[in-house]
Structure formats: structure tokens, C-alpha cells
Amino acid sequence: MYGLKKITNYSEGLTSLVAGTYVLSLAVTKGNMALRIALGIAGGYLILRSGTKLHSASFDDEIL
């Protein structure tokens, strides 16, 4: 069961990273300043979320 959770976190992390990168690329291309700010915040959130998910997928619960 732990392996399934690790795979799920990893796939969610990659999905958030790709989505965040896409949203940030949209923010760069749009001309409306309010839209650029909103897309920049949303893209930044998705990228930060991806880091959290990828980090939790790489953790091992082994006690040394």
C-alpha cells in the first residue's frame, strides 16, 4: 500500500509541475496585467505544490 501512495504522490507532482509550467507560460504571453498576475500566482502555486508532492514521494520511512 505504501508503494501505491508513493506512485500517486510522484504522478501528482509531475502533473502539477507540467500544469504550473504551462500556466506560467500563459502568464508571460497574455497582455492583460490582472490576468498575468492571476496566472502567475496560480502557476507558482502549482509548481510549489509539485515540489511538495515530489519530495514526499522520494522519502523513505526507513529507520537507520
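This is a predicted model: local features need pLDDT of at least 70, side-chain atom pairs count only at pLDDT 80 or more; totals for chains, interfaces and linings use all residues.
Residues are numbered from 1 along each chain as its sequence is written, and side-chain values use heavy atoms, with hydrogens and water left out.

### Overall layout

The secondary structure consists of two helices and zero strands, where helices (H or I, at least four residues) and strands (E, at least two) are DSSP runs numbered from the N terminus. Helix α1 covers residues 2–29, and helix α2 covers residues 33–58. With its 28 residues, α1 reaches 41 Å from its first C-alpha to its last, which is close to the 40 Å expected at 1.5 Å a residue; the expected span is 1.5 Å times one less than the number of residues in the helix.

Of the 64 residues in the chain, 16% are buried, a word that stands for under 20% relative accessible area, while exposed stands for over 50% and partly exposed for values in between (1.4 Å probe, protein chains only).

### Buried positions between the helices

In α1, the buried residues are Asn9, Gly13, Ser16, Gly20, Val23 and Ala27. Gly13 has a relative accessible area of 0% and is therefore counted as buried. Leaving out residues up to four places away in sequence, Gly13 touches Ser50, Lys53 and Leu54, and the C-alpha atoms of Gly13 and Lys53 are separated by 4.8 Å although these two residues are 40 residues apart along the chain.

Ser16, which also lies in helix α1, is buried at 4% relative accessibility. When neighbours within four places in sequence are set aside, Ser16 is in contact with Leu46, Ile47, Arg49 and Ser50. Ser50 itself has its place in helix α2 and is buried, with a relative accessible area of 2%; beyond residues up to four places away in sequence, Ser50 touches Gly13, Ser16 and Leu17.

Side chains of opposite charge can pair when their charged atoms come close. A search of the whole structure finds two salt bridges, a salt bridge being a side-chain nitrogen of Lys or Arg within 4 Å of a carboxyl oxygen of Asp or Glu.

| Salt bridge | N to O distance |
|---|---|
| Arg49 and Glu12 | 3.5 Å |
| Lys53 and Glu12 | 3.2 Å |

Lys53 lies in helix α2 and Glu12 in helix α1, so this pair ties together parts that are 41 residues apart in sequence. Glu12, Arg49 and Lys53 are linked in a network of salt bridges. Glu12 counts as partly exposed because its relative accessibility is 27%, and the value of 31% likewise makes Arg49 partly exposed, as does the value of 21% for Lys53.

### Surface positions and the loop

Thr52, in helix α2, is exposed, with a relative accessible area of 54%. The C-alpha atoms of Thr52 and Glu12 are separated by 9.9 Å, and the two residues are 40 residues apart along the chain.

On the surface, Tyr10, Leu14 and Leu17 form a nonpolar patch with about 260 Å² of accessible area together. Such patches are made of residues with over 30% relative accessible area and no salt bridge, like charges being joined within 9 Å and nonpolar side chains (Val, Leu, Ile, Met, Phe, Trp, Tyr) within 5 Å. Leu14, a member of this patch, counts as partly exposed at 36% relative accessibility.

Between α1 and α2 there is a loop, and Lys30 lies in it. Lys30 is partly exposed, with 36% relative accessibility, and, not counting residues up to four places away in sequence, Lys30 touches Leu35, Arg36 and Leu39.

Conventions. Accessible areas come from the Shrake-Rupley method with a 1.4 Å probe; for residues, only the protein chains shown count as cover. Contact means heavy atoms within 4.5 Å.
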